[in-house]
Amino acid sequence: MSCVNEFNHIPVLKDAVLQVLKFAPSQPLRLIDGTVGGGGHSALLLERYPKMELIGIDRDDMALSAAGRSLNFAGSRVKLVRGCYADIAAVAVENGWDNVDGVLLDIGVSSPQLDIPERGFSWRNDAVLDMRMDRRSELTAGRWLNRTSESEMARVFREYGEIKRAGALAKKAVEMREKKPFAMTSDLVALSDAVLGRARAGELPHPTLVFQAVRIAVNDELKQLETGLRSAVSILNPGGRIAVISFHSLEDRIVKNYFRKESSQCVCPPGLPVCCCGHRAQLKLLTKGAITASADEVAENSRSACAKLRAAEKIG
Ligand SMILES: C[S@@+](CC[C@H](N)C(=O)[O-])C[C@H]1O[C@@H](n2cnc3c(N)ncnc32)[C@H](O)[C@@H]1O
């Protein structure tokens, strides 16, 4: 099977995902792919494990249609659900599963979301400022830019875009929208150009950071991740495994800190003579640090350059 599916999204870190989501081959298995996308990773897992049943969740109706096509070969072993992975435990229960053996989260945007101009995720094409992963949601990027307070915009640009001149950017956004509301991706590029100018050689283009910040806010991506990790681990069987791929240092930090905390027997502040937190480890780490893409994979798929995979196993 080609690794480029019809959705035109190349799954990243495929070998590493198969290595950390490793199970006894003949065992009946239940796995939830919380970000099924075009079904690339799910297809690999379903092919590797003939007794695996899989629920694939995605917010994006286009992704689910693509996953329906690419996972068709697995027939009734696959159920696809439109929803958020933050609700993973509820989705499992609604589908009659109390527990699962594996969870995969490959978070962030897919290549088609970035490449289809009408989705409004990319600054490289002029299109309506949309950026919604779930197109049923009320909140488009345009609405977010036209309604959000200056201070909240500054926080988003600073924290999610790691943009130094976040305050100036938010101030200018308010000035601009008073003259003409934000409507098109070119309006947001104009804001970026007006305040941040051109990036220096070796830097990411500034609109990339501005668009990333707005996208994370519009889709509430960090809250999804924090809630989704807890929800996923709550339904893992003892010995069950969770693998998370992230593309942004903020996301990776959330995963790293959560895994570190849940693999620790005590989370008391340092220096206390006796433990008084009552915390008990529920995870064992499967990855020392994060796994990243090889030079060959990056050469084949530049998107993999930022990918970081961390994985853990639920303790019995
Ligand atoms: C990087 S792609 C996943 C690609 C997939 N692993 C594959 O091999 O085709 C990320 C997907 O996650 C979805 N997504 C992002 N945040 C989500 C959330 N909170 N809940 C459900 N789906 C989400 C996006 O719509 C997108 O389709």
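Student: What covers the buried residues of H2?
Tutor: The model is a predicted one, and in H2 the buried residues are Gly40, His41, Ser42, Ala43, Leu45 and Leu46. Both helices and strands take part in covering them, and the cover includes helix H1 (14–20), strand E1 (29–33), E2, helix H3 (61–70), strand E3 (78–82) and strand E4 (100–106).

Student: Which elements give two or more residues to the shell around the ligand?
Tutor: The ligand is surrounded by 22 residues, and the closest are Pro11, Thr35, Gly37, Gly40 and Asp60. The elements that contribute two or more residues to this shell are helix H2 (40–48) and strand E2 (52–58).

Student: How many residues of each class does the shell around the ligand have?
Tutor: Gly40, which is among the closest residues to the ligand, is counted as polar, because Gly is placed in that class. Sorted by class, the shell has eight nonpolar, 10 polar and four charged residues.

Student: How many residues does each domain bring to the contact between domain 1 and domain 2?
Tutor: The protein chain is divided into domain 1 (14–112 + 221–314) and domain 2 (135–218), and the centres of the two, taken over C-alpha atoms, are separated by 30 Å. On the side of domain 1 that touches domain 2 there are three nonpolar, no polar and two charged residues. The contact takes five residues from domain 1 and four residues from domain 2.

Student: Why do the buried residues of H9 line one face of the helix?
Tutor: Helix H9 (residues 185–196) has 12 residues and reaches 16 Å from its first C-alpha to its last, close to the 16 Å expected. Its buried residues are Thr185, Leu188, Leu191, Ser192, Val195 and Leu196. They line one face because, seen down the axis of H9, they fall within an arc of 120 degrees.

Student: Is Gln265 buried or exposed?
Tutor: Gln265 lies in the loop between helix H12 (249–262) and strand E6 (283–285), where it touches Arg280 and Ala281, not counting residues up to four places away in sequence. Because 9 other C-beta atoms lie within 10 Å of Gln265, and a residue with 12 or fewer is classed this way, Gln265 is exposed.

Student: What distance separates the C-alpha atoms of Lys288 and Ala311?
Tutor: The place of Lys288 is in the loop between E6 and helix H13 (295–300), and Lys288 is exposed, with 7 other C-beta atoms within 10 Å. Although Lys288 and Ala311 are 23 residues apart along the chain, their C-alpha atoms are separated by 9.0 Å.

Terms used: Residues are numbered from 1 along each chain as its sequence is written. This is a predicted model: local features need pLDDT of at least 70, side-chain atom pairs count only at pLDDT 80 or more; totals for chains, interfaces and linings use all residues. Helices (H or I, at least four residues) and strands (E, at least two) are DSSP runs, numbered from the N terminus. The expected span of a helix is 1.5 Å times one less than its number of residues. A residue is buried if 20 or more other C-beta atoms lie within 10 Å of its own, exposed if 12 or fewer, and partly exposed in between; C-beta atoms are placed from the backbone. The arc is that of the directions from the helix axis to the C-beta atoms. A residue is near a molecule or strand if its C-beta atom, placed from the backbone, lies within 6 Å of it. Two residues are in contact if their C-beta atoms, placed from the backbone, lie within 7 Å. Domain bounds come from an automatic or database domain assignment.
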